[in-house]
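Please open the model in your viewer and keep the selection panel at hand. The tour moves from the sheet to the helices and then to the packing between them.

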Amino acid sequence: ATPDVAALFIPACSAATRITADVDTANVEPPRVDIVFVTDLSASMLVAPETHLEQGDTIHAAPLGQRRIDYVVDATTQAIEDLSEAENAGSVNLRTALVSFGVAADPYPDPSAYAHVDAGFDATEQELIAAVRSYLTSPMGGTSTYTGIDEAIGLFEASEAAGDDADVKIIVLLSDGEPSYNQFIRELYLQRSGGRIPPGYRCSD
């Protein structure tokens with residue numbers, strides 16, 4: 001009679017558990033990458049991350065080290081150090097720049113009042129970190145997001161015009177809220193976007 005239960009024993013197999021490849025990267029050219037960090041320096045960056053603000057609320061700054069801008073500065077500084085390490089290791093051909101935005105609610109006659117370049121693509125790691133650290137005392141007003149992005153795009157365009165265009169272009173936007181607008185910012189955006197208004201855009205004159 002045949003048994004109702006049987007056990008079959010198969011020796012464990014250790015073949016093909018690891019693959020080793022000898023890859024020569026001597027003639028591999030890493031991609032050119034340009035990164036622009038665009039940082040919001042509006043007054044709301046002075047409060048704690050968990051604080052909920054409505055338009056028109058009074059800003060009560062959190063203690064130093066607990067503000068939104070403190071966390072942004074720490075994270076951006078770490079990112080710059082990590083990116084510089086990757087570049088020094090030869091894994092990527094990288095350039096980093098910094099742009100900030102944040103102004104009072106009343107309009108100014110010059111675009112530089114809304115956003116400006118704090119460090120260009122030629123800045124060293126030390127210069128980038130020093131510029132980021134200056135943000136700790138900078139937050140001041142409204143959220144003119146589009147002008148910050150416009151400045152970042154301007155950096156890419158200037159590189160392209162100079163024949164120094166990157167293969168990959170990245171904008172890292174660091175902001176805590178919805179943009180605030182005025183007529184000047186609206187006109188600047190319309191000029192650069194060819195008259196297109198993005199979804200959700202609102203404007204007060």
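How many bridges join β2 to β3, and do these strands run parallel or antiparallel? Four bridges join them, and the two strands run antiparallel. Before going further, note that this is a predicted model, in which local features need pLDDT of at least 70 and side-chain atom pairs count only at pLDDT 80 or more, while totals for chains, interfaces and linings use all residues. Residues are numbered from 1 along each chain as its sequence is written, and side-chain values use heavy atoms, with hydrogens and water left out.

Select the strands next (DSSP runs of E, at least two residues; helices are runs of H or I, at least four residues; both are numbered from the N terminus). Four of them form an open sheet of mixed pairing in the order β3-β2-β1-β4, where two strands pair if DSSP finds at least two bridges between them. β3 and β4 (168-174) stand at the edges with a single partner strand each, so one side of each is left without a neighbour in the sheet. Within the sheet, pick L98, whose bridge partner in β3 is A119.

Now show helix α2 (residues 125-133), in which L128, I129, A131 and V132 are buried, that is, under 20% relative accessible area with a 1.4 Å probe and protein chains only. Looking down the axis of α2, you will find its buried residues within an arc of 160°, so they line one face of the helix; the arc is that of the directions from the helix axis to the C-beta atoms. These residues pack against α1 (68-88), β2 (93-101) and β3 (115-119).

From there, select I80, which, leaving aside its neighbours within four places in sequence, is in contact (heavy atoms within 4.5 Å) with L98, E125, L128, I129 and V132.

Finally, look for aromatic rings: a search of the whole structure finds one aromatic pair, counting rings of Phe, Tyr and Trp (its six-membered ring) whose centres lie within 6.5 Å, with planes under 30 degrees apart called stacked, over 60 edge-to-face and the rest tilted. The rings of F121 and F156 have their centres 6.2 Å apart and their planes at 20°, so the pair is stacked. F121 sits in the loop between β3 and α2, whereas F156 belongs to helix α3 (residues 145-161), 35 residues apart. F121 is buried, with a relative accessible area of 11%, and F156 is buried too, at 10%.

Technical notes
Buried < 20%, exposed > 50% of the residue type's maximum accessible area, 1.4 Å probe, protein only.
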